[in-house]
Amino acid sequence: MTQYDYVIVGAGSSGCVLARQLSDDPRNRVLLVEAGGDNQNPFIKMAGGFMKILGRPDYFWSFPVEPLPGRRKEVHTYGKGLGGSSAVNGTWYLRGQPRDYDQWRDQGLAGWGWDELERCYRWLENYRAPGADPSRGHDGPLQITQSDHDSTVYRALIKACTGMGVPWLDDICTPATQGVGRTQYTVDRKGKRSSSYESFLAPIRNRPNLTIVTDCLVRRVLINGRRATGIVCDRDGTEIEYQAARDVIVSSGVYRSPQLLQLSGIGAGSLLGSLGIAVVQDLPAVGRNLCDHQKFGISYDLHNHPGTNREFLGWRLYRNALRYFLTGTGPLARVGMPLTMLRSSEGEPDWPDFQLAAAPFAMRTVKEMAAAPGSPISTKPGITFSGYHLRPRSRGSVAITSADASASPRVESGMWSDSYDIGKALELLKMLRSMAASPAMSPFVGKERMPGDEVRSDEALIEELRQMVDPGLHGTGTCSMGTNPATSVVDARCRVHGIDGLRVVDCSIMPTPVSGNTNGPAMAVGARAAELILEDNAG
């Protein structure tokens with residue numbers, strides 16, 4: 001079959017949810033096309049095993065970033081294959097805050113307020129931990145579990161956080177509040193990663209009305225007049241066309257979705273003309289408004305506790321791997337920080353803008369790695385405090401450099417293009433240092449490894465931060481929703497301005513960033529968009 005009702009490009013967090021919901025009606029013929037593979041590697045299923053495949057081209061897209069003064073060479077990586085980034089990320093689960101979505105609604109995007117998104121979260125979530133907020137879903141396809149880590153250091157960290165004026169939350173996803181609680185993960189109750197593919201599609205993959213094609217690179221969207229009619233793909237060197245009777249839905253991520261639109265003649269006319277691409281729809285906002293959370297961590301020597309580094313080194317690593325494969329438990333069943341704090345720096349406790357975390361774990365510093373390449377995990381016990389600034393004002397862009405779909409687009413991160421973000425990075429660093437210096441942490445925290453105790457002035461700290469800050473890989477905005485075609489790409493129903501039968505559904509449509517990791521919000525966006533698409537095509 002080469003003709004379908006819906007053709008979805010990209011099997012990431014949003015795309016898998018779309019394919020699930022659109023194929024729930026057996027009358028809908030749904031095609032999901034993915035450039036990567038099936039992602040059945042056991043180190044993907046093991047949440048703590050993702051370091052083993054980190055950066056490998058079979059599982060990651062790599063996007064070189066235009067250099068900035070004073071910055072090291074940067075390459076941003078996003079997930080590839082079934083499940084997209086949800087198959088290779090750190091599994092940290094948050095929903096964002098109600099005001100994130102309500103501001104979309106208040107910008108004229110009807111149907112995107114918290115009341116609609118909360119319903120979508122309840123549909124997709126399967127969260128059953130004690131103390132769950134009443135807004136949580138309990139029987140959805142996506143299993144979510146919380147950290148079970150406990151130690152003297154962990155308990156001291158809780159005291160340090162609550163001592164900063166935030167309450168303990170039994171559920172860190174409690175809406176509209178700052179607080180500290182156990183980190184939640186997209187890991188099921190048997191210790192297996194809950195990627196969007198494994199959660200939403202694997203159980204129903206054999207539906208006769210659902211076709212999934214992997215290892216298939218989409219080169220452009222077919223557009224006849226003002227209507228999208230299908231896609232042109234390359235699979236094993238053979239060109240294939242798939243037709244869409246209703247909608248082509250681009251769900252290729254914050255970098256590749258605008259790239260595909262531009263390759264298809266939709267974007268800034270001046271850019272497309274310079275590359276010899278015929279302009280189908282002049283939309284200057286395609287690829288603009290790129291936003292990403294800025295993140296960094298500081299680490300210290302750890303005293304009076306062995307830390308968790310050793311669990312990932314030497315004979316203990318082999319023991320933990322065996323334990324995982326036999327029981328689905330142990331350090332390799334979870335990854336990342338066991339404690340999450342959401343805190344407002346703007347006096348708005350219902351809308352925290354800092355995400356902080358800590359763990360008795362430390363990576364080697366950049367200087368150590370340069371001096372002696374090898375495992376990034378420190379052999380010395382350490383403790384790390386990390387944070388994200390969740391509402392940066394800086395914006396970057398994504399633009400194709402050729403008509404070749406396999407070529408990486410030009411990515412300009414725009415980091416610190418707004419000086420507000422510099423001030424917030426400095427404020428966040430001082431907050432992390434304050435946490436480390438709290439009385440509760442004094443028995444455990446030793447010398448600061450990076451940037452170092454001797455770095456004290458604001459000017460010196462900003463220079464250190466220029467190297468320390470990384471993207472959160474929580475990109476949004478490059479195919480932004482909006483009411484004005486001059487400043488946005490899609491409308492409130494995810495339809496590309498001026499082109500019938502073409503939609504974009506993934507984090508790229510978010511006009512402003514969400515307050516937390518984007519994997520959960522990407523799935524909720526997919527669920528909400530599916531409702532809108534089915535409404536538009538009813539009857």
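Colleague: Which residue forms a salt bridge with Arg319?
Modeller: This is a predicted model. Arg319 is partly exposed, with a relative accessible area of 41%. The closest N and O atoms of the pair are 3.3 Å apart, and the partner is Glu311.

Colleague: Is Asp25 buried, exposed or partly exposed?
Modeller: Asp25 forms a salt bridge with Arg27, with the closest N and O atoms 2.8 Å apart. Arg27 is exposed, with a relative accessible area of 69%. Buried means under 20% and exposed means over 50%. Asp25 has 23% relative accessibility, so the residue counts as partly exposed.

Colleague: How many residues apart in sequence are the parts that Asp536 and Arg503 tie together?
Modeller: The side chains of Asp536 and Arg503 meet in a salt bridge at 3.1 Å, N to O. Asp536 lies in helix α13 and Arg503 in strand β23, so the parts they tie together are separated in sequence by 33 residues.

Colleague: Which residues are joined with Arg503 into one network?
Modeller: Arg503 is buried, with a relative accessible area of 4%. Asp536 is partly exposed, at 31%. Salt bridges that share partners join Arg503 with Asp247, Arg493, Glu535 and Asp536.

Colleague: How many salt bridges does the count come to?
Modeller: A pair counts when a side-chain nitrogen of Lys or Arg is within 4 Å of a carboxyl oxygen of Asp or Glu. By this rule the count is 37.

Colleague: Is Ser480 buried or exposed?
Modeller: Ser480 sits in the loop between β22 and β23. Its contacts beyond four places in sequence include Asn289, Val490 and Pro511. The relative accessible area of Ser480 is 6%, so this residue is buried.

Key. Residues numbered from 1 in each chain as written. Predicted model: local features only at pLDDT ≥ 70, side-chain atom pairs only at ≥ 80, totals over all residues. Heavy atoms only, no water. Helix = DSSP H or I, 4+ residues; strand = E, 2+ residues; numbered from the N terminus. Buried < 20%, exposed > 50% of the residue type's maximum accessible area, 1.4 Å probe, protein only. Contact = heavy atoms within 4.5 Å.
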